[in-house]
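Dear colleague,

Please find below the structure that I am handing over to you. My notes on it follow directly after.

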Amino acid sequence: MAELTGTGEPTRATLEALTAARVLGAPVAVVLGVPGAAAGAAAELARFGAGRVLVGESAELDAALAGPRVDVLARLVADRAPAAVVVPASAEGREVAARLAVRTGSGFLTDVVGFAADGSATQLAFGGTTVVRARVTTGTPVHAWRAASLTPVPAPVDPVVEQVPVELSVTAREARVVRRVAGPAAGRPALTEASVVVAVGRGVTTAAELAAVEELADALGAAIGATRAAVDAGSCPPSCLVGQSGARVSPRLYVAVGISGAAQHWSGVRAAQTVVAVNSDPDAPVFALADFGVVGDVATVVPALTAQITAARA
Amino acid sequence: MHSVVLVKQVPDPTGDRRLDRGDATVARDDADAVVGPLDLHALEAALTLREAGGGTVTALTVGPPRAAGALRQALATGADQAVHVVDSALHGACAPQTSAVLAAALRRVGFDLVLCGAASSDGRLGVMAALLGERLGVPHLSGLRALAVTGTTVTGERQTEDGWWELAAELPAVVSTHVLPDPPRRRTVAGIRAAQHRSVTTLTLADLGIDPATVGLAAATSRVVTADAGPARTPGRTGDPAELVRFLADRALV
Ligand SMILES: Cc1cc2nc3c(=O)[nH]c(=O)nc-3n(C[C@H](O)[C@H](O)[C@H](O)COP(=O)(O)OP(=O)(O)OC[C@H]3O[C@@H](n4cnc5c(N)ncnc54)[C@H](O)[C@@H]3O)c2cc1C
Ligand SMILES: Cc1cc2nc3c(=O)[nH]c(=O)nc-3n(C[C@H](O)[C@H](O)[C@H](O)COP(=O)(O)OP(=O)(O)OC[C@H]3O[C@@H](n4cnc5c(N)ncnc54)[C@H](O)[C@@H]3O)c2cc1C
């Protein structure tokens, strides 16, 4: 099941899932969208190994939630008996996986980060502190793929593009999107998909410090995350919240700026591969959690870091 | 309106969590148990709806005997009644099985609106609303940061990565709540006293007409093959910005 970005490209998680799923067999990509929004993704999906791309377009999808995707996938499971169904483990992807598993009488696994040829999957549990190998033992396995778990590898094929009908069932119509309100436009990657996250804590206070952090994020191509304290202080919108009550991130690099390292925040950070921290308090708990720490004031360390990174690249 | 709030007793999320060595289920005995933090938001939403429009709030849990503590907490916070599905056969249930048991209990107690947390703090699957919607044949809305009921429609807002969506569904429905604007109310002394007079209804799988052989570890739809501690983090080192950038460059991170 492909997911598309706002500009109609397959998301990184989609390309990761295609890359990983090749070990299970030749992947078929399913892409749904409003008319004109889905077909364009076929070429990119084929570049990452989807030999067959099933395209479903309907104007009704604009207001739809998970329902229609579940309907289409359930029909495909019945008609084509795939070895497994893989969906990105986004908020919507999880809903699709859950409903599909119940409808097809199957088991499902979430936060999958790898497959083996025997059909078993590797999951990260407890925010990455436990690695689990698990297997679905009932029905057609449904897997929700955790973003930023591997680097997508192209495997170009000539795709067969097929249209699939999209009809909204009664239940699919009963839950709907009334309107979509754009937040502050961010030219930055989505938090849960980003391979680099720069996160802001209560230690970042002034507008100048915030601007410096944004420059650092842009130098690294990073998404911006935040602690609850930073959100409460109004430094960042709630959509940036990382932690127990916010997003769980799994970037290759997490930069914690002015963050103490509270357990509720860290439960969203555990799956980060490398963590670095900037904090003025040498005894801040975050230094015990980070791979590399800089003890110093945000106001001086962050601009210096941005300058060094820009210089290292020149 | 009858709202049913799903509360799950979880190990204290501020502590370390791990899987039991023996059968790869959550090691629960050594962890302090609390009601899931987002479940408290779901309960708060149900109590607020009751204040505005009347009705009944039921707390429901599926879990071992000690999970009754979660129901006591819900009653002391303001729930009218509580239902506990407890059966030794449930140990090690997978999510589809748990949803089947919850759905059977929900059919039994009846509901207009089911509310649960967007994700528990132990399993963190974030799927229960969708599973129950499918089992019960009703719509679901998940991850709401605000919600309201007007007539027979539940509306809510879901935060997305580039803004937010306004969502709506017809009752009966299942919704899951993220952090809502108001902090969840706490137990009061009066509430704790009043709760002592309210009983917890206990149901077994047999009461719900579920064959114990179809749930639990042996019949789970998925199975853990191996569970290992994740890669340990080497104790961090410190340095100046230039050293940090070299550290990042060595790891191909800049
Ligand atoms: C039920 C519950 C759920 C929660 N969920 C979340 C959640 O999902 N996400 C979350 O983040 N939190 C959550 N919290 C809150 C969490 O417990 C912490 O309070 C929060 O993470 C602290 O944020 P912080 O690190 O930014 O602030 P603080 O703990 O105040 O740390 C600020 C740090 O900045 C440093 N500092 C100050 N000035 C400077 C400077 N000039 N330069 C450099 N460093 C400086 C300080 O030394 C300090 O270490 C939750 C709490 C509860 C009870
Ligand atoms: C680390 C780990 C990984 C797991 N992975 C999988 C997996 O990949 N596939 C699978 O099928 N199972 C899995 N399980 C088992 C699964 O977590 C449980 O079966 C559980 O019943 C549902 O998961 P959850 O708490 O994560 O649900 P969530 O969807 O995160 O729960 C959301 C909300 O639903 C309500 N709720 C959930 N369970 C109950 C309950 N028992 N009683 C009352 N309310 C409840 C609460 O309000 C909760 O906040 C896993 C468990 C663990 C610990």
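This is a predicted model: local features need pLDDT of at least 70, side-chain atom pairs count only at pLDDT 80 or more; totals for chains, interfaces and linings use all residues.

In helix α10 of chain A, the buried residues are A:Val298, A:Val301, A:Val302, A:Leu305, A:Thr306 and A:Ile309. They lie on the same side of α10(A), because the arc they cover around the axis is only 130 degrees; the arc is taken from the directions that run from the helix axis to the C-beta atoms. The face of α10(A) turned away from this buried side carries the exposed residues A:Thr300 and A:Ala311. Buried here means under 20% relative accessible area, exposed means over 50%, and partly exposed is in between, with a 1.4 Å probe and protein chains only. Helices (H or I, at least four residues) and strands (E, at least two) are DSSP runs numbered from the N terminus.

Residues are numbered from 1 along each chain as its sequence is written, chains are lettered from A and ligands numbered from 1 in the order in which they are written, and side-chain values use heavy atoms, with hydrogens and water left out.

Ligand 1

There are 25 residues around ligand 1, of which A:Arg202, A:Thr227, A:Ser245, A:Ser260 and A:Asn279 come nearest; a residue is counted as near if one of its heavy atoms lies within 4 Å. By class, this shell holds 7 nonpolar, 14 polar and 4 charged residues. For this division, Ala, Val, Leu, Ile, Met, Phe, Trp, Tyr, Cys and Pro count as nonpolar, Asp, Glu, Lys and Arg as charged, and the others, Gly among them, as polar. Two helices of chain A, α7 (228–232) and α8 (263–266), each supply at least two residues of the shell.

Several polar contacts (pairs of N or O atoms within 3.5 Å; within protein, one must be able to donate a hydrogen and the other to accept it, and residues adjacent in sequence count only if both atoms are side-chain atoms) may be listed. A:Gly258 places a backbone N or O atom 3.0 Å from an oxygen atom of ligand 1. A backbone N or O atom of A:Ser280 is 3.1 Å from a nitrogen atom of the ligand, and a polar backbone atom of A:Val298 is 2.9 Å from a nitrogen atom of ligand 1. Taken alone, ligand 1 exposes 990 Å², of which the protein buries 74%; accessible areas come from the Shrake-Rupley method with a 1.4 Å probe, and for residues only the protein chains shown count as cover.

Ligand 2

The site of ligand 2 is shared between chains, because residues from chains A and B surround this ligand. Among the 31 residues around ligand 2, those that come nearest are A:Phe108, B:Lys8, B:Asp39, B:Ser120 and B:Val127. The shell divides into 19 nonpolar, 9 polar and 3 charged residues, and its largest share, 4 residues, comes from α3(B).

From chain A, a polar backbone atom of A:Phe108 lies 2.8 Å from a nitrogen atom of ligand 2. From chain B, a polar side-chain atom of B:Ser120 is 2.7 Å from an oxygen atom of the ligand, and a backbone N or O atom of B:Leu125 is 2.9 Å from an oxygen atom of ligand 2. On its own, ligand 2 exposes 940 Å², and the protein buries 91% of that.

Helix α6 of chain B

Within helix α6 (residues 241–250) of chain B, the buried residues are B:Pro241, B:Leu244, B:Val245, B:Phe247 and B:Leu248. Their arc around the axis is only 155 degrees, which puts them on the same side of α6(B). B:Arg246 and B:Asp250 are exposed on the other side.

Backbone geometry

A:Asp111, in strand β4 of chain A, has a positive phi of about 55 degrees although it is not a glycine. A:Asp111 is buried, at a relative accessible area of 7%. B:Arg124, in the loop between β6 and α4 of chain B, likewise is a residue other than glycine with a positive phi, near 55 degrees. B:Arg124 counts as buried at 7% relative accessibility. Finally, a cis peptide bond with omega of about -5 degrees joins B:Leu171 and B:Pro172; B:Pro172 is found in the loop between β9 (163–170) and β10 (173–177) of chain B.

With kind regards
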